[in-house]
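Here is a set of questions and answers on two interfaces. Look at the structure first, then read on.

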Amino acid sequence: MATLSVPKRSTFNELFYSGLTKIPDGERVRTCLQCGTCSGVCPFGYLMDHPPGKMIAALRAGVIERALQGDTLWMCVSCYACTQVCPSKIPLTPGLMTKAKEELMLAGNIPSELQDALENTHRYGNPLGESPRRRAMWTRGVEPPVRIMSQVQRPLETLWFVGDYASYHPRVQLVSVAFAQVLNALGVDYAILGTEENSDGDSQRLAGERGLFEMLAEKNGRAFGKYSFNEIITTDPHAYNALKNEYPALGISYPVRHYTQFLAERIDQLKPLLRRDVKAQVTFHDPCYLGRANGEYDAPRLLLQSIPGVKLVEMSHHKETSLCCGGGGGGMWLDGFSWEKAHVRLSEWRVREAVNAEASVLAVACSYEAPRFEDAVKMVEKARRLVVRDIAELLAESIGG
Amino acid sequence: MNILVIVKMVPDLVEELAVDPDGKGLDPDWVRWKPNEFDDHAIEQAILIKERHGAQVTVVIPDMDGAEDAMYAAAARGADRLVKLRGDFTGSANNHALARALGKYLPELQPDLLLTGVQAHNDLDGSLGPLLAEFMGLPYLGYVAGVHLQGDKANVRKEHPGGVVAEMEINLPAVLGIQAAEQAPRYVAFSRIRQAMKTAAIEEQEIPHLDISGAAEVSLMKQVESGERAEMFAGDPDQVADRIVAVMRDHGIL
Amino acid sequence: MNKDIFVIIEHLGGEVADISYVMLAAAREIAPALQGEVVGILLGGGIENLCQNLAADRVWLFDDPRLADYSPTTNLHILGELIQQHAPRAVIFGDTSTGAEVAAGLSARLDLPMVSACHSLTVGDQSLGYDSRICGGRIQVQGELPSPTALIAMVPGGYNPDSGRSAVPPPIERLAIPHLEEPPIRLLSYIQPETGDVDISRAEVLVSVGRGIQNQDNLEIVEELAEALGGAVCASRPVVDQGWLPVSRLVGKSGRRVRPKIYLALGISGAPEHVEAIGGSQVIVAVNTDPEAPIFNLAQYGTTSDLFDLVPVLTDHIRQARSERVA
């Protein structure tokens, strides 16, 4: 790995510091109490040379570059746990950790798995390295057909931003098909961008690739600009976060909802359609980017409780304290790296919690999660019977037909 | 020390390939181009030499879709000079044509060392490196994984089958066909590439006429039939495992 | 007009390389229709013993201590003169670390047409044709090799190397070495791969891993499978480049050629540099979640099951099958 070339110690520190203060609420880093709660709540804090609190200590001592040596910073999965608990309300995740990763990125100091995902995103508009021409292949054979914006010659209500894994990953494509069924049952006037859609880039941004994120946002913005619609909905909380919180600063501003919010608003129309029983004790995993990062905990639960037969139970860590699946901030592309350092997977920890809560179904609402948790279920002996379903899939099952 | 890296754009195999209706070449409407992976290693090796010994690195790419992006990425990694060759490099162009054209132009740049990927997956008439070397009257060594300069010579590691590696010495100037750089091509942050787009200048060199003789003619090009495919086992892991065990039994393994 | 076919015999470490027999097999097949002879050509030092089983009509030997170590410029010089003098119908090289660069150099030097990645040759009425595979084995190209002389760089896969072996040694003629200048390329030393490890080129059962294995820790389940089968673990280039397995386990153009009874390819896409080294396998079973992976064009059996699901289950089945047999 390349080492940082630093002109003068204090200059680099000053630059880092001033860059940090440019982020909204970034100057709060000055009021850090050094309480250590952030480092304590961090799921991998014990493996980092410089967990958040210690990183701030280095910054104050004028030696931030010490915190940017080595590679343990890549254990951060941008789960917002630290940000959530910080008494000084310092934007640790979007500010400090992201900025630190940006520095590692500039130095070329990144694990090779992550490099592949970023290079794929750059070349193909998705981290999986799939052909952009096949982004809408998942819609083949879906009835009624999923409409593509470029083929719809009129303004419509809703643009569904599908996302990378929901478009290309075989497991998550099933969620997309299920959601299409729900939208159709509700008679929603929607379309997708299809091959004009590029990655939302939010995880890439949090992994330190701000430049790549902006390039993708520009492309998506241009695609949005071609069409006339009233709102954007998405099945992916990472895309939701980007569209809601980051795109407006780049001049791309649309009303945006996560699909659970969209459906919760229409619960009166949806409930009568949920005819079939789904008899299961269900527990819900709050995705970091819907829950902690954007404060939405109720809409998914409202939907689950509306499904006849479902009994909702909570895991010991839930809502604000939910445990990350390990996919954020680049984590989705650092499995090998993370395993070699930790020999424990956050997703496995989480499925154990689901089993302890006596759930038979682990419900999710994020495109990363179905494959991650299903992999974890295979590795955890006592979780072998746990079923993982996206809320959209449970709704589609209840709607039937 | 003047190092030239010659990069070829090759069909991106992530995309579907389609053959031209006349059956003699790839359909240009379908093909997407990306830099040859081995040429990427050649750029990395050049930058490593520059970092170790000091050198000027010039990257030369024939003009095709995506060539400019490749050049800016090279600049962001540390290439000093970028040259785009203007000519018709799609269609019937082959490595002989490219090597001849380069052989006429590159001596102007007074290179001490020329690096290019040892091969490209669309090579049909031999690879670029040895052809170029011959047209320039320079020695060539391919399958190189490791280059150290020693005055007017280079010490290189040449890979042979069976994991055998030969340490060889070559007089400069010379052309080397890179199999692998000493480290994997480094990542370049997009913001650096963006920066290069603003600050780096791309020079252009006109190639008026391409002499394509030297290849054998193509009478037919087609996609390899999926008909020669494996018998596929489907089902859950238990079912598939059963089928595989049966195959092993048939072949006396179990 | 000379109708002979020259085959440039490759050898390394005192052994004739397999590709040489493939080339001889190809030459043998087309020679009768062309009404020419197959001439094997060897350059080296103290190599007469290597000619014993070459299926050539005659062998021309350039045998000299100065040729003991491979030097491309020397080969270009000697072969250049030879080809110019005799103008054979075709000269076949291996598309390898030693053959490819000499073939291309000669093509440029002598202005002779050249084709690479050649899988097989055909003879028609008055004509000689080639069949090459490019673009990761996905595109097949055919065409004519013009007369008087065409150069061919050949890859394995189109011919059984046994057809290039002869029980009867061919007649050998020693040719005079032309004047040699001090070569600009010189061998300093060889770095041999680590010994004391399994020789995968002799293994009967191989379990091979590619990029799909994702990280080093996952090798554990593969080792267990190999153990259950009584076989060895090997790998394609990406795995060895990462250092997860030593170079002695590399299967491919730069590694070993293997000829097991069973080759189980896990998470291997089937790049040409890899598959050219496994063609000698009796049976190839490929596991890859991508149904379009080129490996399925070579394997006899395949599945798109996820290897992480399949491998532990397969290991169980095999252990069971073994214990049933014993019982």
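**Two interfaces**

Eight residues of domain 1 of chain C are in contact with six residues of domain 2 of chain C. The model is predicted.

Q: What area do domain 1 of chain C and domain 2 of chain C bury between them?
A: The size of an interface is often given as the accessible area lost when the parts come together. For these two domains of chain C, 47% of the buried area is on carbon and sulfur atoms. The total is about 620 Å².

Q: Which three residues supply 57% of the area that domain 1 of chain C buries against domain 2 of chain C?
A: No other three residues of domain 1 supply more of that area. The three are C:Asp18, C:Gly136 and C:Pro156.

Q: Which side chain meets that of C:Asp18 in a salt bridge?
A: The rule finds two salt bridges across the interface of domain 1 and domain 2 of chain C. In the one with C:Asp18, the N to O distance is 3.6 Å, which is within the 4 Å cut-off. The partner is C:Arg259.

Q: How many salt bridges are there between chain B and chain A?
A: One of them joins A:Arg134 and B:Glu16, with the closest N and O atoms 3.2 Å apart. This distance is within the 4 Å cut-off, so the pair counts. The count between chain B and chain A is three.

Q: Which element gives the most to the side of chain B that touches chain A?
A: Strand E3 (33–35) and helix H5 (190–199) of chain B each supply at least two residues of that side. The element that gives the most supplies five residues, and it is H5(B).

Key:
Residues numbered from 1 in each chain as written. Chains lettered and ligands numbered in written order. Predicted model: local features only at pLDDT ≥ 70, side-chain atom pairs only at ≥ 80, totals over all residues. Heavy atoms only, no water. Helix = DSSP H or I, 4+ residues; strand = E, 2+ residues; numbered from the N terminus. Contact = heavy atoms within 4.5 Å. Buried area = accessible area lost by both parts, 1.4 Å probe.
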